[in-house]
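Open your viewer and keep the sequence panel beside it. This tour goes stop by stop: what to select, then what is there.

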Amino acid sequence: RVTAVVSSKDVDNAKKWGADNIINRSTDPHYVATLMKDKKELFDIVFDTPNSLSTGQSIKLLKKNGVVVNTLPNMSMLWGMIRTMFSSKSYSFVHVVSNRNDLELVRGWMEQGSLKIPVDSVFKIKDMQAAIDKQHGKKKGRVVIQVENGWD
């Protein structure tokens, strides 16, 4: 069983990708408190890609032998690893190393139209602060940094 937490714009994609339960954080901004209070649903894996849950929240949402997987290594992740050291639960992270073959495969999917990545905005590298501000604000897609000719 898969539960996806998404914003309103991603509800249809979550359904299309096979989520059994969809929580719309746009219409239910207190979804974490509800999940923690009800304890109806605990998870084998919490895959926190935006790193939006606190260490304590994510650990409390786990079943026995569950694991939190984070994509942004930081001090919170280190604290999670320490907190779960003597527990049946664990805290981990994903480390991705790109290679040419994988990137060419992804490019092929994009050129064929089978992989669509929505882009909200593109910023030159010289405008990095504006890109960071946009990333932390409202957006509908990815914020892209243009490196080539980005200092012009």
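Start with Trp 109, which sits in helix H5, residues 100-112. Helices here are DSSP runs of H or I with at least four residues, strands are runs of E with at least two, and both are numbered from the N terminus. This is a predicted model: local features need pLDDT of at least 70, side-chain atom pairs count only at pLDDT 80 or more, and totals for chains, interfaces and linings use all residues. Residues are numbered from 1 along each chain as its sequence is written, and side-chain values use heavy atoms, with hydrogens and water left out.

The classes are buried (under 20% relative accessible area), exposed (over 50%) and partly exposed in between, with a 1.4 Å probe and protein chains only. Now show its contacts, meaning heavy atoms within 4.5 Å. Beyond neighbours within four places in sequence, Trp 109 touches Ser 114 and Leu 115.

**Along helix H5**

Stay on this helix and select Arg 100 and Glu 104. They form a salt bridge, with the closest N and O atoms 2.9 Å apart. The term covers a side-chain nitrogen of Lys or Arg within 4 Å of a carboxyl oxygen of Asp or Glu. The two residues are four apart in helix H5, which means a separation of about one helical turn. Arg 100 is exposed at 65% relative accessibility, whereas Glu 104 is partly exposed at 34%.

Next, select Arg 107 and Glu 111. Their side chains meet in a salt bridge at 3.6 Å, N to O. Arg 107 and Glu 111 are also four residues apart in H5, so about one helical turn separates them. Glu 111 is exposed, with a relative accessible area of 62%; Arg 107 is partly exposed, at 48%.

How many salt bridges does the structure hold? It holds five. For another of them, select Lys 134 and Asp 120, whose closest N and O atoms are 3.4 Å apart. Lys 134 belongs to helix H6 (residues 128-136) and Asp 120 to strand S6 (residues 119-124), so this pair ties together parts 14 residues apart in sequence. Lys 134 is partly exposed at 27% relative accessibility. Asp 120 is partly exposed, at 27% as well.

**Into the nonpolar core**

A nonpolar core is a set of buried Ala, Val, Leu, Ile, Met, Phe, Trp, Tyr and Cys residues joined through side-chain atoms within 4.5 Å. The largest one has 13 residues. Select Tyr 31, Leu 35, Val 46, Leu 53 and Leu 61, which touch the most other members. Helix H2 (31-38), strand S3 (43-48) and strand S4 (62-70) each supply at least two residues of this core. H2 gives the most, with three residues.

Zoom in on Tyr 31. Setting aside neighbours within four places in sequence, Tyr 31 contacts Val 5, Ile 23, Arg 25, Ser 52 and Leu 53. Apart from this core lies another, of five residues, including Ala 4, Val 6, Val 11 and Ala 14.

**Last stop: Asp 48**

Select Asp 48, in strand S3. Asp 48 is buried yet has no salt bridge. The nearest side chain of opposite charge, Arg 25, is 8.1 Å away; Lys and Arg count as positive, Asp and Glu as negative, and His and the chain ends are not counted. A polar atom of the Asp 48 side chain lies 3.1 Å from the backbone nitrogen of Ser 52. Not counting residues up to four places away in sequence, Asp 48 touches Leu 53, Val 69, Asn 70 and Thr 71.

Key:
Polar contact = N/O pair within 3.5 Å; in protein donor to acceptor, adjacent residues only side chain to side chain.
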